[in-house]
Amino acid sequence: MSKVIVVDDEPFILMMIEDKLKTAKIDVVTVRESRHALERIRNERPDLIILDWMMPGLSGIDLCRRIKADPDLRDIPIFMLTAKGQDTDEEQGLQCGVSRYITKPFSPKSLLEMVQETVGNEQL
Amino acid sequence: MNNYKDDLTATVQELSHAYEELSLLYRVAGMFASLSIDDICSRMVDEAIDTLGVKTAAVLFLDDKTGVLYSKISRGSWDNTRTFSRDAEVIWKTIQTRKPSAFCRIAETPYRDYIPGVRSLMVCPIQGKVKTIGAIVVADKEGDQEFFSSDTKLLMAISSQAGLSVENAMLHAELEGLLLGAIRSLVKALEATSHWTAGHTERVTEYALAIGRLLNLQGDLLEKLKISSLLHDIGKIATPREILNKNCALSESELIEIKKHPGVGAEILGEMVQFNEVILCIKYHHEHWDGKNSLFGLKYEEIPLLARILSVADTFDALTSDRPYRPRREREEAIQEIKRCSGSQFDPAVVDAFLAWVNSTTLQYQAPLP
């Protein structure tokens, strides 16, 4: 079973992603407070990390930099969720090693497809 | 406790559908901003298939004259020759009520005969601001699932966005048709004054466009060249008929009269402010490249490119057509004459394009008999 960690300060987004990914039998760990995220990632060792860009305290991009700086974690693919219109962020994000950049509001259906592309589709 | 959990799950799922719809609205806003009706329709069916996960999607257009819906474009297993008259309630109900309708098991409804080979079906009207464009039909969800109300909302989001764009595109095409129609009417009015000029306009237009294409003119500019060519002699409406139809050489004063037509043409069209480039092209289509003998004293690049092109096209047709006061020249002779005047009367770059075109085509126009 693939495992995905989702870090977002909006509870609804977390619930929605969890609900959608679980339909495809993907294990989901949700984290609301980004400052706890690094520790959870170290403990859970997910196959994919989904980060929100705008979070109080530690932003998604800062978190991303820390993950990429950790030799044990740097190979885990990262999806970044951001608000519409942050065009210049995309370049920055990709430079930080983000593998996909997903604009909010995103389609839950296509998010699931992207996740499956990355972690493999276990239903098949 | 369990009840709360169920409620929460249901709420999350509902929110998830709403989020899906919201993301679609963001995505399609502007997606249909095109002036090509085919383009918009093909994006519509692609988007419907993608978003709703259906196997088949079709856009139906309402033919205003016959009142019949016909298939404009489709993907999946849809027979494009299918039409729906008013008794095909399954589709028409949607058009009349302007509301979507869905059938999860169409075989169990009285409508099964209208759309054979389809299990489930959903129809949404495509509505512009003022008119009903038609309907979008989707059929057979992947995995044989039912259509939910969230699907209806998604399809409505697509069709309402696209409806406005289709209507815009239709109005645009209508206006363009109206404009060209008005222009052709003007040309007819002109050609009625002198049978010698009949066909001249159409030929000059064809030559000018051929030269323009070789000079890499595109889109809007080519369209302006076309309109300029069609209207280039419109000023001759004000030239006395006796002069236009005179069958011997023109006197000095008659020549002066004839030479007024570019200026008069520009004046006639002066009211059409959107036509500025067209007006300038018409005004200056008898200017000479080197400025000698220019009616308005322009030379070289001061003369608009469209006018320089029109000048060569116009002269070539004049040389190869009979005139009341002289017979037409042979094609080869006319080509030599254009070449001879390259750099003096004509822009050498335009003459080069003209030669490239004329040498690659065998087209030989016969002047119409009087």
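In chain B, six strands form an open sheet in the order β3-β2-β1-β6-β5-β4, with antiparallel pairing, where strands are DSSP runs of E of at least two residues and helices are runs of H or I of at least four, numbered from the N terminus, and two strands pair if DSSP finds at least two bridges between them. The model is a predicted one, in which local features need pLDDT of at least 70 and side-chain atom pairs count only at pLDDT 80 or more, whereas totals for chains, interfaces and linings use all residues. Residues are numbered from 1 along each chain as its sequence is written, and chains are lettered from A and ligands numbered from 1 in the order in which they are written.

The edge strands of this sheet are β3 and β4 (101–103) of chain B, each of which pairs on one side only. Strand β3 (residues 83–84) of chain B is joined to β2(B) by two bridges, and these strands run antiparallel; within this pairing, B:Tyr70 has B:Thr83 in β3(B) as its bridge partner. Strand β2 (residues 68–75) of chain B is in turn joined to β1 (residues 54–63) of chain B by seven bridges, again antiparallel, and B:Leu60 is partnered there by B:Ser71. The hairpin of β1(B) and β2(B) has four residues between the strands, and B:Gly67 in this hairpin takes a positive phi near 70°. Seven bridges also join β1(B) to the antiparallel strand β6 (residues 132–141) of chain B, where the bridge partner of B:Val59 is B:Ile136 in β6(B).

Two helices lie against this sheet. Helix α2 (residues 37–52) of chain B lies across β1, β2 and β6 of chain B and runs at about 145° to β1(B), given that axes are lines fitted to C-alpha atoms, for helices over the stretch in contact, and that angles run from 0 to 180 degrees between N-to-C directions. Helix α4 (residues 149–191) of chain B packs on the sheet by touching β4, β5 (121–127) and β6 of chain B, and its direction makes about 30° with that of β5(B).

Elsewhere in chain B, helix α11 (residues 305–319) and helix α13 (residues 348–360) pack at an angle of about 50°, with their axes 10 Å apart. That angle makes α11(B) oblique to α13(B), as angles under 35 degrees count as roughly parallel, over 145 as roughly antiparallel, 65 to 115 as roughly perpendicular and the rest as oblique. In this packing, B:Arg308, B:Ile309 and B:Val312 of α11(B) meet B:Val350, B:Val351 and B:Phe354 of α13(B), two residues being in contact if their C-beta atoms, placed from the backbone, lie within 7 Å. The residues of this contact comprise five nonpolar, no polar and one charged, with Ala, Val, Leu, Ile, Met, Phe, Trp, Tyr, Cys and Pro counted as nonpolar, Asp, Glu, Lys and Arg as charged, and the others, Gly among them, as polar.

Chain A contains five helices and five strands, which follow the pattern β-α-β-α-β-α-β-α-β-α along the sequence. Buried residues (20 or more other C-beta atoms within 10 Å of their own, against 12 or fewer for exposed and values in between for partly exposed) make up 35% of its 124 residues. A:Ser2, in the segment before β1 (3–7) of chain A, is partly exposed, because 19 other C-beta atoms lie within 10 Å.

Between the chains, 11 residues of chain A are in contact with 10 residues of chain B. On the chain A side, α1 (11–23) and α5 (108–119) are the elements that give two or more residues, and α1(A) gives the most, with five residues.
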